Amino acid sequence: MTRNQEIGKASEDYVAKYLEQRGSKILARNFAVHNVGEIDIICEYKGEILVIEVKSRDSRERYGTPQEAVTRSKQQKIMRTALEFCKENRIDLDRVSYFVAGVIHDISGNILDVQFTPFFD
């Protein structure tokens with residue numbers, strides 16, 4: 001596993017734990033649909049289904065913010081993947097919200113901050 005993959009996995013683990021500590025129930029991690037897309041975390045919080053794309057960047061922001069890395073095209077792939085998850089699990093789409101969990105870490109990979117931003121902001 002490359003350093004970036006390790007940081008990405010650590011970021012996903014951190015966000016999942018963060019959500020659970022605040023009362024979310026993790027329904028799926030790395031849910032994928034062949035030729036459609038993949039979702040990092042799907043959880044339920046107070047009756048809502050949260051679809052979360054985790055993106056991490058180091059604090060130097062040389063490549064933009066984590067939120068900027070989730071393009072409109074990526075959002076659409078995530079939404080199509082979420083549709084399949086909802087069909088499989090008989091979940092009403094009115095209960096679904098989409099977020100980018102932007103994880104900021106230092107150059108050593110230590111997590112400094114997490115911000116949740118809704119899609120389409």
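Trainee: Where is the place of Arg90?

Mentor: Arg90 sits in the loop between helix 2 and strand 4. Keep in mind that this is a predicted model.

Trainee: Why is Arg90 called exposed?

Mentor: Look at its relative accessible area, which is 78%. The label "exposed" needs a value over 50%. Arg90 has 78%, so it is exposed.

Trainee: What is the phi of Arg90 near?

Mentor: It is near 50 degrees. That is a positive value, and the residue is not a glycine.

Trainee: Asn30 also has a positive phi in a residue other than glycine. Where is the place of Asn30?

Mentor: Asn30 belongs to strand 1. Its phi is near 55 degrees.

Trainee: Why is Asn30 called partly exposed?

Mentor: Its relative accessible area is 40%. Buried means under 20%, and exposed means over 50%. The value of 40% lies in between, so Asn30 is partly exposed.

Trainee: Let us turn to the whole fold. How many helices and strands are there in the protein?

Mentor: The protein has two helices and five strands. Read from the N terminus, the elements run α-β-β-β-α-β-β.

Trainee: In what order do the five strands form the open sheet?

Mentor: The order is 1-2-3-4-5, with mixed pairing. Strand 1 (25-33) and strand 5 (111-118) are the edge strands.

Trainee: What makes them edge strands?

Mentor: Each of them pairs on one side only. From one strand to the next, the twist averages 30 degrees.

Trainee: How do you know that strand 4 and strand 5 pair?

Mentor: Two strands count as paired if there are at least two bridges between them. Strand 4 (residues 96-105) and strand 5 have seven bridges, so they pair. The sense is antiparallel.

Trainee: Which residue in strand 5 is the bridge partner of Val100?

Mentor: The partner is Thr117.

Trainee: What does helix 2 touch where it packs on the sheet?

Mentor: Helix 2 (residues 72-88) touches strand 1, strand 2 (37-45), strand 3 (48-58) and strand 4. The helix direction makes about 60 degrees with that of strand 2.

Trainee: On to the charged pairs. What makes Glu53 and Lys55 a salt bridge?

Mentor: The closest N and O atoms are 3.7 Å apart. The cut-off is within 4 Å. The pair has 3.7 Å, so it qualifies.

Trainee: Why is Glu53 called buried?

Mentor: Its relative accessible area is 4%. Buried means under 20%, so Glu53 falls in that class. Lys55 has 22% and counts as partly exposed.

Trainee: What about Lys87 and Glu84: how far along helix 2 are they separated?

Mentor: They are three residues apart, which is about one helical turn. Their side chains meet in a salt bridge of 3.8 Å.

Trainee: Is Lys87 exposed or buried?

Mentor: Lys87 has 55% relative accessibility, and the limit is over 50%, so it is exposed. Glu84 has 28% and is partly exposed.

Trainee: Which residues do salt bridges that share partners join into one network?

Mentor: They join Lys9, Asp13 and Arg29. The count for the protein comes to six salt bridges.

Trainee: How do you know that the radius of gyration agrees with a compact globule?

Mentor: With 121 residues, a compact globule would have a radius near 14 Å. The protein has 14 Å, so the two agree. Its C-alpha trace spans about 40 × 30 × 30 Å along the principal axes.

Trainee: What share of the residues is buried?

Mentor: Buried residues make up 36% of the 121. The accessible surface comes to about 7300 Å², and 46% of that surface belongs to carbon and sulfur atoms.

Trainee: Among contacts between residues at least 6 apart in sequence, what share joins residues at least 24 apart?

Mentor: The share is 52%.

Terms used:
Residues numbered from 1 in each chain as written. Predicted model: local features only at pLDDT ≥ 70, side-chain atom pairs only at ≥ 80, totals over all residues. Heavy atoms only, no water. Helix = DSSP H or I, 4+ residues; strand = E, 2+ residues; numbered from the N terminus. Axes fitted to C-alpha atoms, helices over the stretch in contact; angles between N-to-C directions. Contact = heavy atoms within 4.5 Å. Rg over C-alpha atoms; globule rule 2.2 N^0.38 Å. Buried < 20%, exposed > 50% of the residue type's maximum accessible area, 1.4 Å probe, protein only. Areas by Shrake-Rupley, 256 points an atom, 1.4 Å probe, with all protein chains shown as cover.
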